[in-house]
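Have the sequence and the model open while you read.

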Amino acid sequence: MSLSHAEWVDALRDGDLLGVRCPDCGTVYGTPFAVCNECGSRDVEMTELPTAGEVYTETTVEVSPVGFDAPYQVGIVQLDGARVTGRLTGEVGIGDRVVLDGVLEANDEVAPVFTAE
């Protein structure tokens with residue numbers, strides 16, 4: 001069974017991270033995907049992701065869009081085979097361990113929030 005955006009959002013609000021895994025090539029994604037980008041399979045399956053991982057890359061936003069207060073830190077977190085983009089708190093750097101610590105909701109969209117472990 002694949003993963004819809006609504007299911008991903010509901011899980012995130014409940015404190016869980018869901019992704020999809022391609023059973024044909026093993027690639028794991030941290031967000032809903034209908035087709036595997038690696039092998040083209042349409043047979044992707046929903047999978048639970050760990051809520052702790054390592055900062056793969058990060059940056060600090062100094063000039064924010066309307067509705068956000070800068071500066072703030074965003075990054076990509078490596079969770080086993082998947083990478084998830086989210087807000088970072090606690091001034092973490094590349095390679096630091098982080099854990100899911102909530103959800104940011106703005107403009108009818110959600111994003112995971114990770115903080116130092």
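## Rings and charges

At 23% relative accessibility, Phe-68 counts as partly exposed, because buried is set at under 20% relative accessible area, exposed at over 50% and partly exposed in between, using a 1.4 Å probe and protein chains only. Before going on, some ground rules: this is a predicted model, where local features need pLDDT of at least 70, side-chain atom pairs count only at pLDDT 80 or more, and totals for chains, interfaces and linings use all residues. Residues are numbered from 1 along each chain as its sequence is written, and side-chain values use heavy atoms, with hydrogens and water left out.

How many aromatic pairs does the structure hold? There are two. For a pair, rings of Phe, Tyr and Trp (its six-membered ring) need centres within 6.5 Å; planes under 30 degrees apart make it stacked, over 60 edge-to-face, and the rest tilted. Tyr-29 and Phe-33 are stacked, since their ring centres are 4.2 Å apart and their planes sit at 25°. Phe-68 pairs with Tyr-72, and here the centres are 6.0 Å apart with planes at 40°, so this one is tilted.

| Residue | Relative accessibility | Class |
|---|---|---|
| Tyr-29 | 11% | buried |
| Phe-33 | 25% | partly exposed |
| Phe-68 | 23% | partly exposed |
| Tyr-72 | 13% | buried |

A charge sits over a ring if NZ of Lys or CZ of Arg is within 6 Å of the ring centre and within 35 degrees of the ring normal. Arg-83 does this too, with its charged end over the ring of Tyr-56, 3.6 Å from the centre.

## Around strand E5

Helices (H or I, at least four residues) and strands (E, at least two) are DSSP runs, numbered from the N terminus. Val-74 belongs to strand E5, residues 72-79, and is partly exposed at 24% relative accessible area. If contact means heavy atoms within 4.5 Å, Val-74 touches Thr-57, Glu-58, Thr-59, Val-61, Gly-86, Arg-87 and Leu-88, leaving aside residues up to four places away in sequence. In the loop between strand E4 (52-61) and E5 you'll find Pro-71, which is joined to Ala-70 by a cis peptide bond with omega about -5°. Past E5, the loop between E5 and strand E6 (82-89) holds Asp-80. Asp-80 is not a glycine, yet has a positive phi of about 55°, and with a relative accessible area of 63% this residue is exposed. Glu-91, in the loop between E6 and E7, is another non-glycine with a positive phi, near 50°. At 75% relative accessibility, Glu-91 is exposed.

## Helix H1

Which residues of helix H1 (residues 5-13) are buried? They are Trp-8, Val-9, Ala-11 and Leu-12. Looking down the axis of H1, these buried residues fall within an arc of 165°, so they line one face of the helix. That arc is taken from the directions from the helix axis to the C-beta atoms. The cover over the buried residues of H1 includes strand E1 (17-21), strand E7 (97-106) and strand E8 (109-116). After H1 comes Gly-15, with a positive phi near 90°.

## Cysteines and Ser-41

A disulfide is a pair of cysteine sulfur atoms within 2.5 Å, and the structure holds zero of them. Cys-25 is in no disulfide, and its nearest cysteine sulfur, from Cys-36, is 3.6 Å away. Likewise, Cys-39 is in no disulfide, with the sulfur of Cys-22 as the nearest at 3.5 Å. Cys-25 is partly exposed at 37% relative accessible area, and Cys-39 is partly exposed at 39%.

Is Ser-41 buried or exposed? Buried, with a relative accessible area of 8%. Ser-41 is placed in the loop between strand E2 (28-29) and strand E3 (45-49), and touches Cys-22, Asp-24, Ala-34, Val-35 and Cys-36, not counting residues up to four places away in sequence. A polar atom of the Ser-41 side chain also lies 3.0 Å from the backbone nitrogen of Asp-43.

Conventions: A polar contact is a pair of N or O atoms within 3.5 Å; within protein, one must be able to donate a hydrogen and the other to accept it, and residues adjacent in sequence count only if both atoms are side-chain atoms.
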